[in-house]
Amino acid sequence: MSLFKGAGVALITPFNEDNSVNYEMLRTLVRRQIDGGTDAIIVCGTTGEPATMTEEEKLSVIKCVVDETAGQIPIIAGTGANCTQNVIDFSQKAEKLGVDGLLVVTPYYNKATQNGLYAHYAAIAGAVRLPIIMYNVPSRTGCNILPQTAARLGRNFENIVGIKEASGNISQVAKLKKLAGNDLDIYSGNDDQVIPILSLGGIGVISVLSNVMPAAVHDMVMEYLNGNIKSALDIQLKYLDLIEALFCEVNPIPVKAAMKLLGYNVGGLRLPLTELEDANRARLKESMEKLKEN
């Protein structure tokens, strides 16, 4: 059974001026996503800056999102790390908070072999009851889970149910679908490749753009899944310039700037991330203003 179909938002974490978590704004952002039709919330994923948060902060943020959502849509917690035992320990803590699933990135820096990746996910799957979505993003981790490995995991473990594919390699996604069949749900991890991945059997996206335009991303996926291919493609192409602007610097720098342009006081970023450069801010603002004109 799929954790969700449609658009899942990779939610940002808002901060106060003193860099503490802004829970009031976090609750506002959650309600905005629900009102916008988002199909799932992914909390403490890359976009939520978990690398610079303490474990206590991450658990507190997850609990806040779970409580505010109150079961209206699935909550998926990012629990990945490069130490398998740490992933297991944190995943078990997230499970107790009432999340519906886990997003587990491939181990970064260690650069595990394919056998190591298999053993990593196998150990996690055996230690939790929750469904797991693997997260493949080689540009950040230096590690690529190959289709053969991902398909084997989906076949052998009932609670490994999906993969967020952000390799950018459409040929790899096609091979994955051929090998995995219905054993794994495939989600686009790149906002500019939602329609191509849906065309290869994907069932949704885990999206940065959804922070800014939740209804549009939800509608794009649902239009495609309902057979309205041209309408879905039109939405994908309409937002392409904004998507490119949202990745003109490392995520989540631009998306936090975009949320401020929309009037949401989401605060700054924790070092080593810094504020969006002026030229890129102008580019982002221009892309957002063009959408208003249309």
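C44 counts as buried because its relative accessibility is 3%, where buried means under 20% relative accessible area, exposed means over 50% and partly exposed lies in between, with a 1.4 Å probe and protein chains only. The structure is a predicted model, in which local features need pLDDT of at least 70 and side-chain atom pairs count only at pLDDT 80 or more, whereas totals for chains, interfaces and linings use all residues. Residues are numbered from 1 along each chain as its sequence is written, and side-chain values use heavy atoms, with hydrogens and water left out.

A disulfide is a covalent bond between the sulfur atoms of two cysteines. With a disulfide taken as a pair of cysteine sulfur atoms within 2.5 Å, the structure holds 0 disulfides. C44 accordingly takes part in no disulfide, and the nearest cysteine sulfur, which belongs to C64, is 11 Å away. Another cysteine, C248, has a relative accessible area of 22% and is therefore partly exposed.

Helices (H or I, at least four residues) and strands (E, at least two) are DSSP runs numbered from the N terminus. Strand β4, formed by residues 101-105, is mostly covered, since 5 of its 5 residues are buried. On one side of β4 lie G101, L103 and V105, and on the other L102 and V104, so that both faces are covered by the criterion of burial. Two strands pair if DSSP finds at least two bridges between them; strand β3 (residues 75-78) runs parallel to β4 and is joined to it by 3 bridges, with G101 of β4 as the bridge partner of I76. Together with helix α3 (residues 84-96), these two strands make a right-handed β-α-β unit, right-handed meaning that, with the strands pointing away from the viewer, the path from the first strand over the helix to the second runs clockwise. Strand β4 also pairs with strand β5 (residues 132-136) in the parallel sense, over 4 bridges, and M134 in β5 is the bridge partner of V104. The chain passes from β4 through helix α4 (residues 114-127) to β5, and this β-α-β crossover is right-handed.

Y264 is located in the loop between α12 (253-261) and α13 (278-293), and its relative accessibility of 22% is why this tyrosine counts as partly exposed. When residues up to four places away in sequence are not counted, Y264 touches M25, T28, L29, R32 and M259, contact meaning heavy atoms within 4.5 Å. The side chains of Y264 and R32 are joined by a polar contact of 3.1 Å, that is, a pair of N or O atoms within 3.5 Å, of which, within protein, one must be able to donate a hydrogen and the other to accept it, while residues adjacent in sequence count only if both atoms are side-chain atoms.
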